[in-house]
Amino acid sequence: MYRKEKPLPLKSSASSLTNNLTVFISPEKGSMSYAVVHKSVVNVISSSLDGSTVTNRQVVCKEPSAVQQNTPMVIQAKWISLPTRTVLVLTSLRGIQMFESDGSAMIYWHALGDPSSSDTQDQTNYGRGIAGVGDSFICVGTQIGEIHVFNVPAKGTNIMLKESLVGHKHPICDLTSGPNKLISSDEQGNIFIWSLQPNGSLKQTGSVMGKGVPCSSLVLWNDIIVGGYGDGQLRVYCAKTAKLAATVNAHARWVNAIDVAPETGRILSVSEDTFAKVWQLKEGNLPEIEYKYSESVTDLQLVGGQFIQKGGRGFCVTGYDNSDITFFVQN
């Protein structure tokens with residue numbers, strides 16, 4: 001179904017983090033960009049659509065303060081495309097940073113935790129889980145379970161913290177979003193459904209109680225929620241009713257990332273068991289999921305996976321301690 005293509009080399013290897021690959025397709029510029037986290041650096045590769053020109057850039061996570069000049073470890077990097085602008089969002093052990101889409105200029109910094117606090121619990125509060133909602137909101141999850149909602153203008157640096165959503169009691173693992181909806185998951189496997197209200201606030205409208213296994217990655221497609229879990233399972237839920245529709249023992253080890261092709265409902269799941277697998281979602285009162293394809297990338301714990309085309313005709317993966325982005329294209 002898919003064939004392996006020539007890889008793109010990174011300047012440094014991928015860290016062992018969940019969702020450690022983000023892809024940004026820019027038809028206006030005729031380019032595709034890929035970002036992978038390595039310790040306190042984000043490797044960004046941009047290539048023309050035909051692959052003839054490739055450029056590399058490294059975005060370093062630095063605190064904009066004179067006191068703390070160390071470079072904190074990056075937890076996640078993700079491009080968020082809002083209707084008016086695209087932003088590269090980084091979360092780290094110290095805070096949340098937002099950059100212009102090419103990573104050239106930092107436009108916002110939000111500190112998390114207080115290093116000078118005497119209480120060790122107050123000192124750390126990393127960010128993890130990034131999603132865009134509505135026309136101008138970027139949401140970022142945190143270690144203490146809060147979800148910060150930022151209002152991002154069409155241009156400029158006047159980014160404001162609008163509200164913090166409280167509901168989760170455990171560290172956020174991932175966020176995903178659809179039209180006027182935000183879905184969040186945590187380290188106990190709980191999933192919360194939030195709806196954008198006419199006044200611009202987000203209100204919790206549903207929840208799925210977890211079983212103590214982290215839900216490390218989430219996608220939402222046509223009111224179908226798919227979660228990837230630490231026990232190797234994929235679970236399919238109906239977003240309207242929060243009911244479980246299907247459970248698949250998809251992988252032998254931790255599911256590190258899942259992605260959805262918005263035009264077709266294909267699902268990509270990647271795991272520490274070396275396998276990348278493709279599935280097909282089927283809509284209905286009780287959604288279904290069907291196995292389509294799997295490929296093992298030998299001796300590689302996969303940490304990131306993304307479709308590179310909206311119909312799911314190609315995808316790429318990254319693996320821990322490996323400096324390649326590996327591509328698969330439909331035959």
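Some ground rules. Residues are numbered from 1 along each chain as its sequence is written, and side-chain values use heavy atoms, with hydrogens and water left out. Because the model is predicted, local features need pLDDT of at least 70 and side-chain atom pairs count only at pLDDT 80 or more, while totals for chains, interfaces and linings use all residues.

Let me begin with the pockets. Rolling a probe the size of a water molecule over the atoms shows where empty space is left. We work on a 1 Å grid over the protein atoms alone. A pocket is an open set of points with protein on both sides within 12 Å along at least five of seven lines, where a 1.4 Å probe fits. Lining residues have an atom within 4 Å of a point. Grid points are joined across faces, edges and corners, and the volume is the space filled by probe spheres set on the points.

How much space lies in the largest pocket? About 1,400 Å³. Its lining has 46 residues. Nearest the centre are K78, D259, V260, P262 and Q306. Several strands give two or more residues to this lining, among them strand 2 (22-26), strand 10 (127-133), strand 14 (172-178) and strand 26 (302-307). Strands here are DSSP runs of E, at least two residues, numbered from the N terminus. Which strand gives the largest share? Strand 6, with 6 residues; that strand runs 74-81. By class, the lining has 25 nonpolar, 15 polar and 6 charged residues. For the classes, Ala, Val, Leu, Ile, Met, Phe, Trp, Tyr, Cys and Pro are nonpolar, Asp, Glu, Lys and Arg are charged, and the others, Gly among them, are polar.

Next, the second largest pocket. It holds about 410 Å³ of space. It is lined by 18 residues, with K6, Y34, L49, G51 and F327 nearest its centre. Strand 1 (2-9), strand 3 (31-38), strand 4 (41-48) and strand 28 (324-330) each give two or more residues to that lining. Strand 1 has the largest share, 4 residues. The classes divide into 9 nonpolar, 5 polar and 4 charged.

Back to Q306, from the centre of the largest pocket. Q306 sits in strand 26. Is Q306 buried or exposed? It counts as buried, because its relative accessibility is 17%. The cut-offs are these: buried is under 20% relative accessible area, exposed is over 50%, and partly exposed is in between, with a 1.4 Å probe and protein chains only. Beyond four places in sequence, Q306 is in contact (heavy atoms within 4.5 Å) with residues including L21, D259 and C316.

That brings us to C316. C316 is in strand 27. Its relative accessibility is 0%, so it is buried. C316 and F327 are 11 residues apart along the chain, yet their C-alpha atoms are separated by 4.3 Å.

V317 is also in strand 27, residues 314-319. V317 is buried, at 1% relative accessibility.

Now the cysteines. How many disulfides does the structure hold? The count is 0. A disulfide is a pair of cysteine sulfur atoms within 2.5 Å. C215 is buried, at 0%.

On to the nonpolar core. That means buried Ala, Val, Leu, Ile, Met, Phe, Trp, Tyr and Cys residues joined through side-chain atoms within 4.5 Å. The largest core has 17 residues, and V226, L234, V236 and W279 are among those with the most contacts inside it. Strands 18 (215-221), 19 (224-229) and 20 (233-238) are among the elements giving it two or more residues. Leaving out neighbours up to four places away, V236 touches V226, L281 and I289, among others.

Last, two backbone angles. Most residues other than glycine have a negative phi. T274 has a positive phi of about 80°. T274 lies in the loop between strand 23 (266-271) and strand 24, and is buried at 17%. D299 also has a positive phi, near 60°. D299 is in the loop between strand 25 (288-296) and strand 26. At 75% relative accessibility, D299 is exposed.
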